[in-house]
Each structure stands twice: as structure tokens, then as C-alpha cells.
Amino acid sequence: KSAFEAYLNKKQYDKMIRNIDELVLPDDNIRGTDVMDMTALQKVHWVYSHYPSWRILWILYYMDPAFRYDYITCLNEMEDLFYNNGFTSPVMYQLALSIYQGIADALQKVDLFELQVLNFAMKYDCLTRETADRAAELILTRSMRGYGTAECRIAAEILKFAYDRYSGGSILRALCHMLIACDERDPGYHVYFEKAVKTGFEDREIFNYYIYTLDQTSMDPIPESVMKYFLEHTEVLYRYKSYMYANIISNVFAEAECYRQSKDQIVKYAEYQMTQGQNDEFLAIIYREVLEKNLLTQGMKNNLFDVISTKEIDCRNKRMRSVLVFHNELQVYQESVLKNGKAYIKEYTQDALVLFKDASGNIYYNIDHTATQLVESRKYIDLCIRDVPVNKYMLMGDNFPLLRAYKSPIEILRFFTSGRFAGQFRKGYEQELLQNLVSYYSKNSRDEQVFDELLKFREFELSADT
């Protein structure tokens, strides 16, 4: 602002005119030529044609009414200085802005030069409603043709400023298109896509970015039009299925129709995620729904142990990179990467050991953290054992009494004699397990088939007592 005032100050202006010879005749060789006989205005024109500069252009604009009224030529000269000479003076931007805001159709292309002028107007809070509307219409008309990443980002910031200041449908539509062109998925931009949907913009990409920019820490209801679009395009939006299905379940009363439409999709998705051993805060909502509504398939039951054993670890120590889980019974340990301070682990027993690892590979035990059970394990443990073939998880921790209650001795013993247990357990625990089975069934069974299965245990490396 002070720079503008200095330039527009009458005293400064008069001083420039009095010293015009010094300004326009930088070369001593010119003195004594016909140039010396020119008027001051002619001298400015002559010097500008030989020594183009935004300073001379600015003087020329205020000295020559004909040049000032020929705004197209004036703007073309400024653009030429911008693109070919690299001039980016705020004074030049201010002059161009005064033309754009004074003449309705002066803004024509919204190219990089015009965007820089509009960016200047935004920076100094002097962008008018009329200019903002004109820029939005031009941006929509050119459909981002010729825009690179830089132009898209500048245009998005200008339109964001304009919409926050003036609102307006054309500005909002142009803003959404620019945000899409920049592939902006930050939740901070969600408010604009939300307003676009509420305004009634039926646009595929706006629906997509409404979903991309959702704040997934909230389970607020999603508009029906967006939900319908999602259910018709779930494969395109696969990465967002967990959150979107969880949102439908969490708002089942508000989105009853969407729930009915998506119920079969939710069950199939839950089954696939269970078979992949996946779980997180959104999948947990889906799994609980499937369990409580008794929608489990056999495939889900076969993987239910993983579901009920998953915990969410929340660790705010920024030095930690992953979580390690060791079970006394198993040969291998788990390692889950911490993302934004969270990781998902599987604790199959109450005495599992949880450790933390930093970027250098150092292991820590006493790191502050919280562990949250995603699905209540005791509530569904019976279901895990009753309707599922014998697996290693049933033979860990304190599950063995429940296993004996639901499974016949033959089923349990054949898990071992069929070879399915090979390599599953740590050697010491394997010996302990085999010894307990032989001891228990030799004392508590009179079934010849049980004895036949027990005799097959001689194939294993058993202790002398066993």
C-alpha cells in the first residue's frame, strides 16, 4: 500500500516528469539526436519501445490518455512483460487489477498472468464480487484446458477466498472443479463439496470428492444422494467401503433405505475382510452388526477368532514405528506398523507380550499406550469353537476346557494325527500340549477310537513320560 501511495503521490509524479530526460535517456550516445526534440510523452513512448520496463509502462499509462483508454493494448503489454521479461511487480498487478475491475469484460483468459493479478487481489483483500464471478465463469468455460498444477492451485485458492467472502453457485462449482483438478482430498476441503451436494450439484466427480474428503473421525449421516451414488459405484470407491458401510450401520434409522439396499453388500464385504484377517475401527462396526444380526456365513465363522482377538493400539510416542506381539504358544511373532499413532494387533491369549520398536530397531517394553478390544471376545468365543473346525487358536490360553465341551475327543486328536498342527506351535508348547492330551484322554476316556488316535502320537517326538 505504501508503495502505491508513493507512486501516486503528486510530488513524486512531478519529480519524475521534471527528470524525464534522466529517466528516458539512459545512454549518453542518444543525447544530441532527434530524441532530444521530442515531447516528454514521445520520449516515454520511444524509451518503452527500446527499453521495455513496468516502470516506464506505468508512467506511460498515466501520461497518455489514448494508451490508458486502449486497455487491451495496455494489458497485452503487461502480459508481454510478465511472460517474456519476468516482471512480477505488485504495481503492475495493481494496474492490471484496476482495469479488470473497472471494465466488465477486460478479464478474458484467466491464464497465469490473470491468475497472478487475482491472487494479488486476494492477498490485499481487494477482489470484488463482480470480478470473482467473472473469473469463476471463465474457469468453468475453459474447463482447465492448459492449466498445470501451479495454475490449478492458484485458481483454487482464489476461488476459495471468493466463496468464503461472497458465496455464489458459479464460484462454488468452479472451486469444486479446481479442487478436483488439484486432487485435494484433505478433510479441510470437505465443506465445499458438502455445500455443492446440498446445493444440488449432480456431478460424479463432486460425489467422489465428497467421499474422498470425509472426516472419518465422525459418523454424521451422509446425504442420501451420495449414499446412492456410493452403492452404485462401490468398486470405484473400494478404499472407502469400510467407512461408508460403517456409516450406514451407525445411522441405520436415518438411512434405512440405504441399509436395506446395502445389506447383502455389507455381508459379502465382511466375509471377504474376515477371510483376509483384516480388522480396524470401521470393520469392527461392520463385524458387530453381522454378529448381532446373526448374518454370519460359515466362511466368517472360520475366521472369527481373528476378529474377536483384534485390539486397537493407540501410542502417542512419535519415536515408535511398530508394535510386536509375542505369544508363548506360537513360533512366530506379529509386527504391526503404527500409522498416525495407531496399529491393530491380534492377542489370542491374555498373557501375550506387547512390545514396541523404534526406527532404529530398538525394542521397548514400558511405552505408554492404550489397547481397545474392537469386538467383545467373551461374548462370541462359544460361537468360534462350536461351529468351526478345530484350529490352533482353540488350543491356546484357557480355551481348552471350552474346546472339550464342544468338540469330541476324536475331532481334537485328529487335528494332530492328520498333521494339521505341524509347525504351528513353539516346540516346548507343542510337547506340553501333546503330553496334556495323552494324560487327559488316557485317564478320562474308554473309547477304543480315542485310544487308536492316541497311539498314533508315537509318530511325534514325545518325552519319555508321555
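## The sheet and its strands

Strand E5, which covers residues 353–358, is joined to E6 by two bridges, and the two strands run antiparallel. Within this pairing, Lys357 stands opposite Ile363 of E6. The model described here is a predicted one, and the strands named above belong to an open sheet of four strands, whose order is E3-E2-E5-E6 and whose pairing is antiparallel. At the edges of this sheet lie strand E3 (334–337) and strand E6 (363–364), each of which pairs on one side only.

Strands of a sheet pair through backbone hydrogen bonds, and they may do so in either a parallel or an antiparallel way.

## Two helices that cross

Two packed helices are described by the angle between their axes together with the distance between those axes. For helix H17 (residues 256–275) and helix H18 (residues 281–292), the axes come within 10 Å and cross at roughly 110°. Because angles of 65 to 115 degrees count as roughly perpendicular, H17 is roughly perpendicular to H18. By class, the contact of H17 with H18 has nine nonpolar residues, one polar residue and one charged residue.

On the H17 side, the residues that meet H18 are Tyr259, Ile266, Tyr269, Ala270, Gln273 and Met274, while on the H18 side they are Leu283, Ile286, Tyr287, Glu289 and Val290.

## A buried threonine

Thr131 has its place in helix H10, which spans residues 129–142. Its relative accessibility is 5%, and because buried means under 20%, Thr131 counts as buried. When its neighbours within four places in sequence are left aside, Thr131 is in contact with Tyr100, Gln101, Leu107 and Leu118.

Definitions and conventions. Residues numbered from 1 in each chain as written. Predicted model: local features only at pLDDT ≥ 70, side-chain atom pairs only at ≥ 80, totals over all residues. Heavy atoms only, no water. Buried < 20%, exposed > 50% of the residue type's maximum accessible area, 1.4 Å probe, protein only. Contact = heavy atoms within 4.5 Å. Axes fitted to C-alpha atoms, helices over the stretch in contact; angles between N-to-C directions. Parallel < 35°, antiparallel > 145°, perpendicular 65-115°, else oblique. Nonpolar A, V, L, I, M, F, W, Y, C, P; charged D, E, K, R; others polar. Pairing = 2+ DSSP bridges.
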